[in-house]
Amino acid sequence: MSGEGPQPQAIRKLQRGKLVIASHNQGKVAEFRELLAPYGVELLSAAELDLPEPEETGTTFVANAELKALSAADLSGLPALSDDSGLCVEALGGDPGLFSARWAGPDKDFGMAMRLVEDRLSEEPETPREAHFICALALAWPDGHVEWFEGRVDGCIVWPPRGDKGHGYDPIFQPLGYDKTFAEIDPAVKNAISHRADAFRQLTDAVF
C-alpha cells in the first residue's frame with residue numbers, strides 16, 4: 001500500500017540436516033545438543049571438524065557470535081550456530097563481559113577468573129553483587145546470511161563457589177528466584193531458565 005515503509009525481511013528457516021556448533025567448549029556443546037535434541041538436526045562440533053577458533057575481535061556479544069558462526073559455515077560448507085556469552089557484573093562496570101573467557105587465561109582457569117571477580121568485588125565493603133549473563137546466538141549459512149538472537153538472565157554473585165554441574169562462572173552465579181547457583185541446579189532446570197535458553201527459545205521459535 002502506498003505510504004507504507006519497507007516490510008521486514010522474513011527470517012530464514014533452518015532445514016533438517018547437519019548443523020555445525022561453532023565451539024570448542026564441550027560444556028557449551030553439551031548444552032546445545034540437549035536444547036536442539038527435539039528438532040531433528042545432526043550436530044557436529046567445530047572440534048570434531050578440526051575447525052580453527054577465530055579471534056574474537058567484535059565489540060559486542062552479537063558481533064563475536066556472528067564472526068564465529070560465519071567462519072565455521074564458510075569452512076564447513078554447512079549452516080553453523082555459535083554463541084558468545086559472558087558474565088556482566090554491575091559493580092564492575094559490566095566486566096568481565098566480552099572478556100569473560102579471557103579472564104580465565106590461556107589455560108581456561110575459571111577458578112582463577114572467579115577469584116578475580118570476587119577480589120574486585122571485595123575491594124569495597126558492601127559492594128552490590130547484582131550480575132547477569134548474556135548469550136548472543138548467531139546462525140550463519142555458507143552464503144553469508146546470518147540470523148541472531150540475544151538472551152539474558154539476572155542474578156547475583158555468591159562466594160565461595162558452589163556446585164560442580166556447570167561450567168565457566170556457573171559456581172558463583174545464583175539466578176533470581178533460586179537459592180542455588182547454576183552449578184548446583186539440575187542441568188535440565190538450568191537449560192530452561194538460562195540466558196542460553198532464553199536465546200534458544202527465540203531462535204527455535206523463529207527458524208524451525
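Predicted model: local features only at pLDDT ≥ 70, side-chain atom pairs only at ≥ 80, totals over all residues.
View 1. Strand S4 covers residues 130-140, and because ten of its eleven residues are buried, the strand is largely enclosed by the rest of the structure.

**View 2. Pairing of strands S3 and S4.** Strand S3, made up of residues 80-89, runs antiparallel to S4, and ten bridges join the two strands. Within this pairing, serine 85 has cysteine 135 of S4 as its bridge partner.

**View 3. Pairing of strands S4 and S5, with the connecting turn.** Strand S5, which spans residues 146-157, is joined to S4 by eleven bridges, and the two strands run antiparallel. Isoleucine 134 stands opposite arginine 152, the latter belonging to S5. S4 and S5 together form a hairpin in which five residues lie between the strands, and glycine 144, located in the turn, has a positive phi of about 95°.

View 4. Valine 29 is part of helix H1, which comprises residues 26-36. Its relative accessibility is 3%, and valine 29 therefore counts as buried. When its neighbours within four places in sequence are left aside, valine 29 is in contact with Ile21, Ser23 and Ser45.

**View 5. Separation of valine 29 and glutamate 56.** These two residues, valine 29 and glutamate 56, are 27 residues apart in sequence, while in space their C-alpha atoms are 18 Å apart.

Definitions and conventions
Residues numbered from 1 in each chain as written. Heavy atoms only, no water. Helix = DSSP H or I, 4+ residues; strand = E, 2+ residues; numbered from the N terminus. Buried < 20%, exposed > 50% of the residue type's maximum accessible area, 1.4 Å probe, protein only. Contact = heavy atoms within 4.5 Å. Pairing = 2+ DSSP bridges.
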